[in-house]
Amino acid sequence: MQEHAAISSSAYKNQVFVYNLFVDIKIRQVQKTDLNGCYYVEGSCYTNEGASKERIAKRIEIYPEGFLVAELDGKIIGIINGTATNAEDITNEELKDMVDFDKKGKNIVIFSVAVLPAYQGKGIAKLLLNKFIDNLRKLQKEKIILICKENYLSLYEKFGFKLIGESKSNHGGFRWFEMILYLNKTSARI
Ligand SMILES: CC(C)(COP(=O)(O)OP(=O)(O)OC[C@H]1O[C@@H](n2cnc3c(N)ncnc32)[C@H](O)[C@@H]1OP(=O)(O)O)[C@@H](O)C(=O)NCCC(=O)NCCS
């Protein structure tokens, strides 16, 4: 089923939206042809902690099931991606290069959730995260793990993630916090 985000120009007069009517945003699995669009989103949303184009290409190639895009009028405006693994230590930088990838792995490690600045604050990350979580429940994954900056803790809490604590990662020179979401009742610890 296609996901929808309702955006009307009247609510966002000073933004890039020029639509008079409601428009559809498609949340779909990534395709190889999305590489440039995904890299553009990544580069627009992160500084030195963002992934290189090569890393993004590798993620698309190896695990497209763990990579969703938000598309508006043929343009990629948001992304979410990660890896499947049985590894528990998500501070291992090599995970970002899909080392330890196992399609049947019980854990999903999120690498990136990003929405182009002009489209932020309109519920697009919410669409991406909800679809991502829903897909992984269907794949019977046990848990989703991520590290995020302190200012995003409350965002992920809204999706049921629990704070584990401060991460030992200093990726990109930042302070990171580890969060976890258990996907089914038998593995839930909350
Ligand atoms: C984080 C990011 C993806 C959010 O995208 P977005 O499309 O603006 O988010 P949404 O509009 O879907 O918001 C979803 C929910 O999170 C909340 N939220 C959004 N940004 C938030 C923030 N910075 N801090 C706390 N909560 C936030 C919203 O209020 C909303 O909650 P609600 O449904 O109760 O209103 C976007 O700000 C971004 O690309 N940031 C740069 C990249 C980055 O740092 N990503 C996080 C990596 S850990």
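Colleague: What makes a residue part of the shell around the ligand, and how many residues surround the ligand?

Modeller: A residue is near a molecule if its C-beta atom, placed from the backbone, lies within 6 Å of it. By that rule 19 residues surround the ligand, and the closest are Q120, A125, K126, C148 and L155. The elements that give two or more residues to this shell are β4, α3 (124–138) and α4 (153–157). This is a predicted model, in which local features need pLDDT of at least 70 and side-chain atom pairs count only at pLDDT 80 or more, while totals for chains, interfaces and linings use all residues. Residues are numbered from 1 along each chain as its sequence is written.

Colleague: How do the residues of the shell divide into nonpolar, polar and charged?

Modeller: There are 10 nonpolar, 5 polar and 4 charged residues. Ala, Val, Leu, Ile, Met, Phe, Trp, Tyr, Cys and Pro count as nonpolar, Asp, Glu, Lys and Arg as charged, and the others, Gly among them, as polar.

Colleague: What is counted as a helix or a strand, and how many of each are in the chain?

Modeller: Helices (H or I, at least four residues) and strands (E, at least two) are DSSP runs, numbered from the N terminus. The chain has 4 helices and 7 strands. Along the sequence they follow the pattern β-α-α-β-β-β-α-β-α-β-β.

Colleague: Why is N151 called exposed?

Modeller: A residue is buried if 20 or more other C-beta atoms lie within 10 Å of its own, exposed if 12 or fewer, and partly exposed in between. N151 has 8 C-beta neighbours inside 10 Å, so it counts as exposed. N151 is found in the loop between β5 and α4.

Colleague: How do you know on which side of α1 its buried residues lie?

Modeller: In α1 (residues 35–45), C38, Y39, V41 and E42 are buried. They cover an arc of only 160 degrees around the axis, which puts them on the same side of α1. The arc is that of the directions from the helix axis to the C-beta atoms.

Colleague: What makes the buried residues of α2 line one face?

Modeller: The buried residues in α2 are I56, R59 and I60. Seen down the axis of α2, they fall within an arc of 95 degrees, so they line one face of the helix. The face turned away from the buried side carries the exposed residues E54 and E61. What covers the buried residues of α2 includes α1, β2 and β3.

Colleague: Why is β3 called largely enclosed?

Modeller: In β3, 9 of the 11 residues are buried, so the strand is largely enclosed by the rest of the structure.

Colleague: How do you know that β3 pairs with β2 and β4?

Modeller: Two strands pair if DSSP finds at least two bridges between them. β2 and β3 pair in the antiparallel sense over 6 bridges, and 8 bridges join β3 to β4, which also run antiparallel. V69 stands opposite I79 in β3, and A84 stands opposite I108 in β4.

Colleague: What makes a set of residues a nonpolar core, and which have the most contacts inside the largest one?

Modeller: A nonpolar core is a set of buried Ala, Val, Leu, Ile, Met, Phe, Trp, Tyr and Cys residues joined through C-beta atoms within 7 Å. The largest has 45 residues, and those with the most contacts inside it are L68, A70, I80, I110, I124, L128 and I144.

Colleague: Which residues is L128 in contact with?

Modeller: Two residues are in contact if their C-beta atoms, placed from the backbone, lie within 7 Å. Leaving aside neighbours within four places in sequence, L128 is in contact with I27, L68, A70, G78, I80 and V113.
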